[in-house]
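Hello,

Here is the structure I promised to hand over. Have a look first, and then read on for what turned up in it.

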Amino acid sequence: MSSSLAGKQDWSAFSLLHQHRASLVREHGPSSDSCQITSTEVLEAIENVMQDIVTSLARNEAPVLILENRSDWGNIQFTESIGLQMISHCTTRKIRSDCPKSAPKFALILKILSMIYRMVQNNTYATKRDIYYTDPQLFGNQSIVDNIVNDISCMLKIPRRSLHIMSTTKGCIAGNLSYTEEDGTKVNCTCSATAVSVPSNVQGIRNAKFILIVEKDATFQRLLDDDFCNKLSPCIMITGKGVPDLNTRLLVRKLWDTFQTPIFTLMDADPHGIEIMCIYKYGSLSMSFEAHRLTIPAIRWLGLLPSDVERLNIRKDALIPLTKRDQNKLDSMQKRPYVACQPQWKKEMEIMAASKMKAEIQALTSLSSDYLSRVYLPNKLRFGGWI
């Protein structure tokens, strides 16, 4: 195919995506940065909780904290413009101070609330891991702290960063991007031959054009080695190294808010990869109360599609049989509310279910060692092979 024709195909595919993207921008509402919460508001919210406790004690009543059930699908509604979002009047659970089963959690919530209050007052920050290590014996394990922090954020209706709790970053970014960190440090990802850790907070982002989210670090590093970002420049690559941490999701959303640039995902053709893509696109059950700050419904599934596995005639010995756990996850995902509005996704899942096979991105190396960066991705991006 001639370069001129390829250029026409390229423009046509991206122009259609940009038209759809513009409609989503209109529907999606305010950006994730448009609703800043002041320190005074955070302090007042915590003081209101404490005031309710004091009032209960004054009445000789056992204080109770009411938490929304974050992990109940019955409390979730789905909209194409936002994703999975907690409903306004959801079911709740009571954490009682006079019940032996819930009293320890009641005490830990107050402990962490007091730590947050001091941090906000002093304008200092901590990670959830920092909080855990202030008293590991008291908290027991890291997951207890993680869940309580999310419960507090949900209860107060305040995002974690406004609570002065930062997330530990595991994601990486590379490509045609420069930004200024909160402390004024200038970072130019273009000048680095290796990836840069996803920052916890950025200001002054510029130069973003097109973004590829890569599921696994191994694939991300291989594309870096193949100089993919320069070959398809301008391009930004991001990986959350599996299930994305909060900082990675916030950065992707920040890039979307800033540029509304095309965003694609490159995932394994298996139920786990599809679920990770859904977290970026529509959010997760446990963080549905922050969906409007984290989700990007405009994200597109570039690959690896189950239909690609059939179309490219990838050798059977490069594929992996679905486990019982895979099949259960696939069945569960086909019932998710967002699949109903994604008939192409449903078709891809049906192809996977029928074949009873899954494929990692590395399966493309059975065609040639550099097939992913030399053939698969350039052709997909040029001719619109995404859903």
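A word on terms before the tour: two strands pair if DSSP finds at least two bridges between them. Helices (H or I, at least four residues) and strands (E, at least two) are DSSP runs, numbered from the N terminus. Please keep in mind that this is a predicted model, where local features need pLDDT of at least 70, side-chain atom pairs count only at pLDDT 80 or more, and totals for chains, interfaces and linings use all residues. Residues are numbered from 1 along each chain as its sequence is written, and side-chain values use heavy atoms, with hydrogens and water left out.

Let's start with the sheet. It is open and mixed, with six strands in the order E10-E7-E13-E12-E14-E15. At its edges are E10 (196-197) and E15 (300-303), each pairing on one side only.

Strand E12 (residues 211-214) runs parallel to E13, joined by four bridges, and also pairs in the parallel sense with E14 (residues 263-266) over four bridges. Val214 faces Thr239 in E13, while Leu212 stands opposite Phe264 in E14. Ile211 and Ile213 point one way from E12, Leu212 and Val214 the other, and all are buried (under 20% relative accessible area; exposed is over 50%, partly exposed in between, with a 1.4 Å probe and protein chains only).

Now to helix H13 (residues 324-334), whose buried residues are Asp326, Leu330 and Met333. They lie on the same side of H13 because they cover an arc of only 65° around the axis (taken from the directions from the helix axis to the C-beta atoms). The face turned away carries the exposed Lys324 and Arg325.

Best wishes
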